[in-house]
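Here is a short walk through one structure. Keep the sequence and the model side by side as you read.

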Amino acid sequence: MGLPPNSASVPFSRSLSDPALEGAKSSKPSLQSIQFLTLFPELIEPALQASLMGKAVVRGLMHFGVTQIRNFATDKHRTVDETPYGGGEGMLMRVDVLHAAWKSITEVDPEKKRRTILLSPQGAHFTQPKARELLAYDELILVCGHYEGVDERFIELCVDEELSIGDYVLTGGELPAVVIADVVTRLVPGVVGNEDSISQDSLEGGLLKYPQYTRPRVYEGLEVPPVLLGGNHQEIARWRQKQREERTHLKRPDLLKKP
Ligand SMILES: C[S@@+](CC[C@H](N)C(=O)[O-])C[C@H]1O[C@@H](n2cnc3c(N)ncnc32)[C@H](O)[C@@H]1O
């Protein structure tokens with residue numbers, strides 16, 4: 001399984017056993033593995049075992065590794081943070097400890113096409129097109145900051161890009177890292193059963209999703225639009241496309257302005 005030494009519990013990888021999945025595996029662009037560097041594995045691991053990410057692992061379509069950064073501290077107190085030079089608020093994560101944790105992953109197979117991403121409120125916003133871009137790598141390393149952040153030299157040495165999940169400040173990078181892993185995993189071919197449902201997702205193709213309805217047909221006087229009940233698939237497709245355009249115009253006009 002090629003797990004890095006000193007990983008925290010990493011029960012997230014299984015081999016591909018169902019021949020029906022071979023096609024899905026061979027058609028995938030590349031991404032097979034997401035590694036998390038964190039001081040709080042307990043914030044990440046449950047999410048990796050549930051729902052779609054858990055299924056992707058069981059079906060052999062994705063591998064997740066969670067590495068406890070503290071395992072790479074060298075002093076007897078296992079110190080991972082220090083006060084900033086020049087004074088200032090709070091504590092910073094040490095470059096030497098972070099670097100050693102990062103090397104424990106990259107040294108396993110140096111040939112892998114990797115992308116190291118630091119979760120940071122200073123990064124570019126994570127978007128659906130960015131998620132698609134990340135599929136081209138074999139492995140993503142998601143580095144979760146904590147405290148006041150990380151020593152800048154770790155960014156210079158190891159980080160390819162910084163990503164933010166929005167203009168607000170979280171306590172740590174663990175939840176943003178799980179967000180990125182979830183978004184990227186569902187784009188891996190074979191993970192979502194019906195690939196068409198992804199192409200119709202909100203934000204795919206720059207449009208929001210059309211309105212959807214299920215039973216009952218009438219609820220509190222509100223009826224399902226008749227076009228959806230008629231069984232004319234062309235008409236339904238036309239109606240849905242029109243709804244996608246109208247909704248985007250109404251709710252997210254900024255998307256229509258993007259090149
Ligand atoms: C309390 S924050 C540190 C913020 C830092 N002092 C600053 O002003 O840029 C701790 C960690 O949470 C993560 N984080 C916080 N907000 C984030 C966001 N919007 N997107 C991604 N990561 C975030 C980062 O990994 C960051 O290092």
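The shell around the ligand holds 8 nonpolar residues, 10 polar ones and 1 charged one. In this predicted model, 19 residues surround the ligand. The closest are Leu 119, Gly 145, Leu 170, Gly 173 and Pro 176. Strand β5, residues 114-125, supplies the largest share of the shell, with 4 residues.

Now follow β5 into the sheet. The sheet is open and has 5 strands. Their order is β2-β1-β6-β5-β7, and the pairing is parallel. Two strands stand at the edges: β2 (63-68) and β7 (161-164). Each has a single partner strand, so one side of each is left without a neighbour in the sheet. From one strand to the next, the twist averages 30°.

Look next at the pair made by β5 and β7. These two strands run in the parallel sense and share 5 bridges. Ile 117 stands opposite Glu 161 in β7.

How far does the predictor trust its own model? The average pLDDT of the protein is 90. A score of at least 70 is reached by 89% of the residues. Two stretches call for care. Over residues 1-11, pLDDT stays under 50. The model still gives residues 1-11 25 contacts beyond four places in sequence. Over residues 13-28, the pLDDT is below 50 as well. This stretch, 13-28, has 22 contacts in the model beyond near neighbours in sequence. Where pLDDT is low, predicted coordinates should not be read in detail.

Key
Residues are numbered from 1 along each chain as its sequence is written. This is a predicted model: local features need pLDDT of at least 70, side-chain atom pairs count only at pLDDT 80 or more; totals for chains, interfaces and linings use all residues. A residue is near a molecule or strand if its C-beta atom, placed from the backbone, lies within 6 Å of it. Ala, Val, Leu, Ile, Met, Phe, Trp, Tyr, Cys and Pro count as nonpolar, Asp, Glu, Lys and Arg as charged, and the others, Gly among them, as polar. pLDDT is the predictor's confidence in each residue, from 0 to 100. Two residues are in contact if their C-beta atoms, placed from the backbone, lie within 7 Å. Two strands pair if DSSP finds at least two bridges between them. Axes are lines fitted to C-alpha atoms, for helices over the stretch in contact, and angles run from 0 to 180 degrees between N-to-C directions.
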